[in-house]
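Hi,

Here is the structure we talked about. Have a look, and my notes follow below.

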Amino acid sequence: MCGIIGYTGILNAGQIIIDGLMSLEYRGYDSAGFAYFPDNNTDKIEVIKSTGKVCNLENKIHENIKENHPLCGIGHTRWATHGGVSETNSHPHSSGKVTLIHNGIIENYQELANKMAAKSKYPVSQTDTEIAAMVIDSYYNGDPYEAIKNACNELDGSYAFCIMFSDIPGCIFSIRKNSPLVGAVCDEGSFVASDVVAVIDYTKEYFILPEMTIAKLTKDSFEICDFDGNEIIPEIMHINWDIAAAKKGGYDHFMLKEIHEQPEALLKTIAPRIVNNLPDFSNDGVDDSLFTGLSRIVIVACGTAMHAGMLGKIMIEKYTRIPVSVDIASEFRYADPILDENTLVIAISQSGETADTLAAIKLAKNANARTLAVVNVKGSAIARESEYVLYTHAGPEISVASTKAYTVQLAIMYLIAYRMALVNKLADESVISLKISGLLDSMDKMKKMLEMDEELYLITSKIKKADNIFYLGRGIDYAIACEGSLKLKEISYIHSEAYAAGELKHGTISLIVDNVPVIAFATQDNVYQKVISNVVEVRSRGAYVILVTKAGKHVDTTLCDHHIVLPRMDEEYTPFCTAVVLQYLAYYTAIRKDLNVDQPRNLAKSVTVE
Ligand code: M6R
């Protein structure tokens, strides 16, 4: 949460920071700010801040800086944690010679604030970040390294900082702990940012700033050292997706583009893991021994990733008969979970940064459980903390609402289930080979679903007027219903709930009255009739029913207002098609309500706070 970027070089820092912040806006968008050295030779730092989107800041920068464009600056786009949305609370924050931006949370800020007040230094904002600036400044006697080191020894919590000292013009210092920060150098200067999307216009080579090291950026150098002053050489990484992947590419919204990218993202995720039409993780370095001798599997994740885990549980249990539990990471980490060396903990995360999922995987490691991360962002914290990693290859997902990252997570869970079945000799190669063909085939089915946009758009004319909506399903379809409900709430602001279809009559059916929309998924043969019975129950209470089934089912047309028909397919793969249904329904409902689809209120893409 919060996006930060620093640049020093030979180009217009104002423009670079604005462009970078726009690409980082998915991380927070309630206010933004920019600090810069107006002239590389003066002992002065100027700050410009604005509430609202980065474009507001851009306007202010253009009003304030008409000539002599700065060559060094830092910028921040905020998702408020401490203190409301105001210019005063937006970053950068300054104290004495120190001006900084921050992504993370300083947990002991109150204690530190009391200490600062004892020294007659009072904050002007309500933020934890300003306290960090005060602490660094209190240690600053001309040696930035000593100041940063001493201050960080006092700060608890998570942070990625870009720091400027007014008497060191043209220079940016950075440090991070449990918050992401990448560095990059090119002919035009040095960069530091929360995510590579902010630097990809300039270079495809980057590195992850090692934790608790101090980086010093100048226009022609990027030096990193540890707290003892030893030089650190980071591992250079290469961005393996094209710059076009981080742009809208002709679509109105990133979400729509990302929905359409799913078949390709699936292929990129699955194809490298198929050898002789069987799942194979040897190129990922995932040893088969990880999948043997297990008494239990625990999947930990948050939000959409957790919904992918729900499907993972169904698949793994079906193929291995090993008990799997799915835990919300924020609950798991404080639940004193039962873990041992025969437990495999799988963490699923698009960003690889989610604070609770990261804490869950650390806890699992400390309890000697085996750990496997399923993440999208290369080199992210969760990937680095886990014993093994399977990367999803969705490419950058910019829209806050997760779409393609979800379906590639599903695909990996299917592959894990199939590989485990093979390794443990629970299924023949011939059976799994057929499954792989089915999985690959579902991408074509998904393409067909993408053509149903108009049909689904029409349905949303009714949904957009609703105050409450219910999603129903059983088994695989219940997991899908949960994702459908989250997606709709997240971007359309309509209250919705997902129910296991059989559970409704244990209380919630009292909420079904005339015209309440109910979206029922009935794609699984073993419970098809059961779901239909549940549909009859809500229908007879006046519900406006949207029923989703596979082709080939004879459906009584009086049962529903809309019947969405999936292509003819094996029921195991319907999630790849029902996902498109729920994504389109959420997307077009938000469009009809004229809402900001890609940046819904109160949210941020990476949830790096608890
Ligand atoms: O980056 P992660 O996959 O760990 O993020 C987990 C959730 O915050 C995320 O899936 C969230 O629920 C989505 N915005 C939903 O669309």
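Which oxygen atom lies 2.4 Å from a polar side-chain atom of Thr354? That oxygen atom belongs to the ligand. Before you read on: this is a predicted model, where local features need pLDDT of at least 70 and side-chain atom pairs pLDDT 80 or more, while totals for chains, interfaces and linings use all residues. Residues are numbered from 1 along each chain as its sequence is written, and side-chain values use heavy atoms, without hydrogens and water.

Back to the ligand. Ser351 has a side-chain N or O atom 2.6 Å from a ligand oxygen atom, and a backbone N or O atom of Gln350 is also 2.6 Å from an oxygen atom of the ligand. The protein covers 90% of the 410 Å² of accessible area that the ligand has on its own (Shrake-Rupley method, 1.4 Å probe).

The shell around the ligand holds 15 residues, with Ser349 and Glu490 among the closest (a heavy atom within 4 Å counts as near). By type, the shell has six nonpolar, seven polar and two charged residues (Asp, Glu, Lys and Arg are charged; Ala, Val, Leu, Ile, Met, Phe, Trp, Tyr, Cys and Pro nonpolar; the others, Gly among them, polar). Helices α8 (303-320) and α15 (476-492) each supply at least two shell residues (helices are DSSP runs of H or I, at least four residues, numbered from the N terminus).

Cheers

Notes
A polar contact is a pair of N or O atoms within 3.5 Å; within protein, one must be able to donate a hydrogen and the other to accept it, and residues adjacent in sequence count only if both atoms are side-chain atoms.
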